[in-house]
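I opened this notebook to record what I looked up in one structure, entry by entry. The structure comes first and the entries follow.

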Amino acid sequence: MNLRERLRVMFFCISSVLAMTIVALAGFLPASLFAHARKPATIQAENDTGAITHHPALLLGAAWYPEQWPESRWDKDLALMEAAHITFARVGEFAWSRMEPSEGKFDFDWLEKAIDMAAQHHVAIVLGTPTAAPPAWLTQKYPDTLRIGPDGRRAQHGNRQHFSFTSPRYREFCWQIAGEMAKRFGHNPNVIGWQIDNEYAEPSYDDYTKQLFQQWLKVKYGTLANLNDRWTTAYWSQTYDNWSEIPLGGEGPNNPGLKLEFMRFISHTWADYQQNQIDAIRPYADKRQFITTNFMGFFEGFDHYVVSRALDLASWDDYVGEGQVNPDMNGLTHDLNRGFKHKNFWVMETQPGAVNWADINNFLNRGEVRAMAWQAIGHGADAVEYWQWRSALNGQEQYHGTLVGPDGTPVPFYNEVKDIGRDFAKVGGDFRDTTPVSQVALLYSYDSRWAIDFQQHTDKYDQLALLRDYYAALRKRAQSVDVVNPYSNLDAYKLVVAPDLNVLPKDMAQHLLDYVRQGGNLVLGPRSDMKDQYNALLTQRQPGYLADALGGRVEQYYALLNDVPLSGEWGNGNATIWAEQLGAANGDAQVLMRYGASNGWLDGQPAVLTHRYGKGRITYIGAILDPDLMSKAADWMVAQSGVTPAFGSVPDGVYVSRREGEGKRIFVMVNFTREEKHVELRHAMQALLAGHEESSVDLAAYGVEVFLDQR
Ligand code: GLA
């Protein structure tokens, strides 16, 4: 290890110690919320010119790989991009072997030429650091940089993401390449931002990672006695009497406390891996250059709230794969990503018709991709980028969709992108400084997601489906929903819904109770507040710290083989998959729904309780509801909390979103069906795409309109 490697390892440990100390002082915030204790990356270079290339409010992009093509071809590609109104390209994210062809020998001349040429075509650049694809010279000479899989096998060269995210040597190489790129391009007026790495995903299960995990636990728990107690290791003789005995909590069954901490450790480690590159770039980059990374939707491999913290904006890769787009699931995923930073985000990749990795790589219907692009904008995206511009002639993704074929000429889909580009150029300016504003929030927590996934209790329990069902019902009524971390400021919401917040420690409960006390409406779904921050069962029945405020509790839970009838205030329907028998303490809580005849235990018992608390209300829904009942529950939630729709009535299959700001409101209306749909507007508005005022609109199959409402 050279000096810098040693310093970085020390830094990793010291940063963990500091973070834990802060946490301890702050009164046991969960580990998933650890502040990164490294010095925040705010240093600006002295010669920061602050020059701003005022890029368009809505950007359209393509992933371009100039390193795969002769220089003589670049101008042609860029001219075709410009003709399609493409305003940015992301480059570089896998080009390490071109940027550093041999150790310590950097070559950025070609990249600078490509960036300059792009500027001539009004194509701005997002620069990817190439660290998801270390070159062969690196992995051959330093095999210790290669990742070890959960099966104990070392990754081989020839794929990507084959590095170990903790390797000090690998971090050193990442630091160097990112720093060298920033020295060269940090003031380049055509570079508008940075993407660190690409789709963080695979942890490493090597010995060094294990040592770091053990040190991390030591800092967090202080003593083994404390750890043994929190994890109840007396169970099955799991008791540890040396930190070095603690395994990585990866695959397979193990103690739930250990498994949850391992996921938090992975999150912390990815944030730290990322910070290494942010620290390398920031001192040399203009302030105007943002730093992001591209997430994968609901990927559960790390806590995205933790990893987003140091980024300037969140971005994600929106792929449908097989089948057609599900507008609810896609809208939900946009809202999840908007919630990471509580601000607009980017779609850093999306599919140009088809992918190459699904079981059946069908092409999306004509117009469907355009509908997806506008849905993204409506939900707060400021950019949409297609992966990729042109098929690489060889390499693993030869069959993937593109805008330009291997022959270098546009494929039919190119024209759909061109239409999107034309419209972005036409109306983009109206979107500047606007963002969605919601009255309803859904709470999403990685701790709870992991805790339930470790012990589903029924393999039919699908957290994302439950979240999507709540989301779809609520979004249909409110037409705008935020998806946020439970610790977020909730003051602005009329209604806050937590479909299954399983890990709900005391400080989180206090935060939620404050919200309710001040007049908020909190609705909890099944499995709520069962676990503390160590993934241990609470010694109060569910919903643990919230049971007193609810005036009731869960008596017993049941995984269902068959549906159970439900009836009450919301009419009749069924509980599916999961049902909890509730009990109202001293008749405090009002029973809204009861179970019908079932397993004997549930018969006639409460299924939904509600109770006024402070100036607000807390409601517990102990079952997964069938779709019809979910609609009725959503009607009740919305009416009871005074939520109003962002727009107003639209036919089924039409999705409307609202962005606000600068004294104006913009509605994006997308028809996700293949039939024409007629929509009446509340009052006449300027239809920006059509270019005139309208009081109603006929949306063609996959049709889109954008309305400016200045009233
Ligand atoms: C991911 C990657 C891209 C590309 C696409 C293909 O999103 O980031 O490099 O492989 O998938 O769909």
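I located D197 in the loop between strand 4 (191-195) and helix 7 (207-221); helices (H or I, at least four residues) and strands (E, at least two) are DSSP runs, numbered from the N terminus. The model is a predicted one, in which local features need pLDDT of at least 70 and side-chain atom pairs count only at pLDDT 80 or more, while totals for chains, interfaces and linings use all residues. Residues are numbered from 1 along each chain as its sequence is written, and side-chain values use heavy atoms, with hydrogens and water left out.

I noted that D197 has a positive phi of about 55° although it is not a glycine. Most residues other than glycine have a negative phi. Is D197 buried or exposed? At 1% relative accessibility it counts as buried; buried means under 20% relative accessible area, exposed over 50%, and partly exposed in between, with a 1.4 Å probe and protein chains only.

I then turned to R527, which is not a glycine either and has a positive phi of about 70°. R527 is placed in the loop between strand 13 and helix 17. With a relative accessibility of 5%, R527 also counts as buried.

**Entry: cis peptide bonds**

I looked up the cis bonds next. Most peptide bonds are trans. The bond from W387 to Q388 is cis, with omega near 0°, and Q388 belongs to the loop between strand 9 (381-386) and helix 13 (414-427). The bond from Q542 to P543 is also cis, with omega near -5°. P543 lies in the loop between strand 13 (521-524) and helix 17 (547-550).

**Entry: the ligand**

Which residues surround the ligand? I listed F94, R160, N198, E199, D317, Y319, E349, W357, W387, E397 and H400; the criterion for being near a molecule is a heavy atom of the residue within 4 Å of it.

For E349, a polar side-chain atom lies 2.5 Å from a ligand oxygen. For R160, an N or O atom of the side chain is 2.7 Å from a ligand oxygen. For W357, a polar side-chain atom is 2.8 Å from a ligand oxygen. The ligand on its own has 300 Å² of accessible area, and the protein covers 96% of it; these areas come from the Shrake-Rupley method with a 1.4 Å probe, and for residues only the protein chains shown count as cover.

**Entry: polar contacts of two helix residues**

I examined N330, which is in helix 11 (residues 327-341) and is buried at a relative accessible area of 7%. The side chains of N330 and D318 are joined by a polar contact of 3.0 Å. Such a contact is a pair of N or O atoms within 3.5 Å; within protein, one must be able to donate a hydrogen and the other to accept it, and residues adjacent in sequence count only if both atoms are side-chain atoms.

T269 is in helix 9 (residues 256-281) and is buried, with a relative accessible area of 0%. A polar atom of the T269 side chain lies 2.7 Å from the backbone oxygen of F265.

**Entry: salt bridges**

How many salt bridges does a search of the whole structure find? I recorded 35, a salt bridge being a side-chain nitrogen of Lys or Arg within 4 Å of a carboxyl oxygen of Asp or Glu.

One of them joins D109 and R184, with the closest N and O atoms 2.6 Å apart. D109 lies in helix 4 (residues 109-120) and R184 in helix 6 (residues 168-185), so this pair ties together parts that are 75 residues apart in sequence. D109 is partly exposed at 45%, as is R184 at 33%.

D144 and R169 form another salt bridge, at 2.9 Å from N to O. This pair links distant parts of the chain, 25 residues apart: D144 is in the loop between helix 5 (136-141) and helix 6, and R169 is in helix 6. I noted D144 as partly exposed at 37% relative accessibility and R169 as partly exposed at 27%.

K677 and E675 meet in a salt bridge of 3.9 Å, N to O. K677 is buried, with a relative accessible area of 15%.
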